[in-house]
Amino acid sequence: MVSRPRRTTVADVARLAGVSAMTVSNVLNAPHRVSDSTVQTVQAAIDELGYTPNHAARALSSGRSQVIGLPLYDEVSEENPGLGGFLHGLLDGLVRAAAVSGYGVHVTTPTAGATEIALYEKLIAARQVDAIVVLETMPNDERIEFLSQRRFPFVAFGRTGPQHRQCWVDVDNETSMAGIARHLRESGRESALYLRTDGSLPWIHQREQGFVREFPHTEVRSFRTLEEVAGYVSESAPPDVLVADNDAFAVVAMRALQRRGLQVGEDVAVTGFNDFPFASMLDTPLTTARIPLRDIASCLFDRALLEITGADDQPGRLVTAPLIIRSSA
């Protein structure tokens with residue numbers, strides 16, 4: 001009878017790397033606790049032996065679910081074109097990052113009439129997840145307050161207040177929009193109309209501040225709907241530069257300008273922010289800032305792992321959205 005080959009163990013990896021089994025465990029589960037050189041040595045041994053962690057056994061021994069939670073509200077609508085693609089890109093990046101460490105992602109939405117915090121309570125009580133990803137955080141966010149009081153691991157896409165752990169990842173909206181402003185200035189444009197989303201979300205103010213700081217001759221107008229944008233651009237004097245704080249506003253404005261017989265990119269420069277998939281498919285492709293969703297998702301998961309393992313608090317992480325130059329500006 002032919003016996004099955006013995007499974008490579010943590011002890012085998014430790015022996016080859018010349019470290020303890022605990023060090024190998026730290027490299028796999030809490031790499032922040034060991035030096036970079038040790039991580040490299042252990043990883044080389046793992047690669048040489050072809051070691052694959054037994055995630056089921058690890059979950060059983062640690063009492064963890066090996067899952068992180070991503071509560072979502074269904075907010076995709078005509079006034080949020082591209083949001084579905086944004087969420088899909090973030091989820092795809094999160095799933096890929098989690099899979100490398102043997103984790104899964106549990107996506108769930110609150111039932112009708114229920115709050116997001118009520119959903120958190122269910123996830124925590126059922127021990128379904130090891131950490132929760134909180135999206136679009138606000139100043140004095142009650143979700144962050146709840147999770148902090150419960151001392152449950154979480155990571156935020158958006159900054160947390162100074163009184164809470166700085167376990168967040170966010171787009172550096174101000175720096176990224178300032179990059180758009182510098183590009184427009186360097187191309188010889190002198191005055192701008194800034195199309196601002198009417199709302200209180202932090203990114204709205206951050207993007208506006210970044211642009212106005214670098215492009216002083218700017219008129220700022222706020223809009224709630226795409227129809228309001230189209231109406232205003234159709235009737236107002238054409239600006240030298242038209243800057244929108246999101247791609248949807250930019251595309252609607254471009255169409256309004258083109259209906260007036262103006263050539264986008266020549267008569268009027270137009271820029272957006274996000275780089276939704278449709279931005280590159282327009283007759284006049286849109287210059288915009290690309291939010292690097294996979295990089296953000298990877299940072300979110302890495303920070304979630306630190307929270308799960310009880311690491312010391314660290315500063316939050318800002319990720320710059322690079323400028324994608326196309327023919328609209």
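Here is what to select, stop by stop.

Before you click: this is a predicted model, where local features need pLDDT of at least 70, side-chain atom pairs count only at pLDDT 80 or more, and totals for chains, interfaces and linings use all residues. Residues are numbered from 1 along each chain as its sequence is written, and side-chain values use heavy atoms, with hydrogens and water left out.

Side chains of opposite charge can pair when their charged atoms come close. Here a salt bridge is a side-chain nitrogen of Lys or Arg within 4 Å of a carboxyl oxygen of Asp or Glu, and by that rule there are 19 salt bridges. Select R96 and D92: they form one of them, with the closest N and O atoms 2.9 Å apart. Both sit in helix α5 (residues 83–100), and because they are four residues apart there, about one helical turn separates them. (Helices, H or I of at least four residues, and strands, E of at least two, are DSSP runs numbered from the N terminus.)

Is R96 buried, exposed or partly exposed? Buried means under 20% relative accessible area, exposed over 50%, and partly exposed in between, using a 1.4 Å probe and protein chains only. R96 comes out at 47%, so partly exposed, and D92, at 25%, is partly exposed too.

**Stop two: a buried pair**

Now pick R143 and E116, whose side chains form a salt bridge at 3.3 Å, N to O. This one links distant parts of the chain: R143 is in helix α7 (residues 142–150) and E116 in helix α6 (residues 116–125), 27 residues apart. Both residues are buried.

Next, select E214 and R182, another salt bridge, at 3.7 Å from N to O. E214 belongs to helix α9 (residues 202–214) and R182 to helix α8 (residues 173–186), so the pair ties together parts 32 residues apart in sequence. E214 is buried at 18%, while R182 is partly exposed at 32%.

**Last stop: along α9**

Show α9 on its own. Color the buried residues of α9, including I204, F211 and E214. What covers them? Contact means heavy atoms within 4.5 Å, and the cover includes β5 (168–171), α8, β6 (192–197), β7 (218–223) and β8 (241–244).
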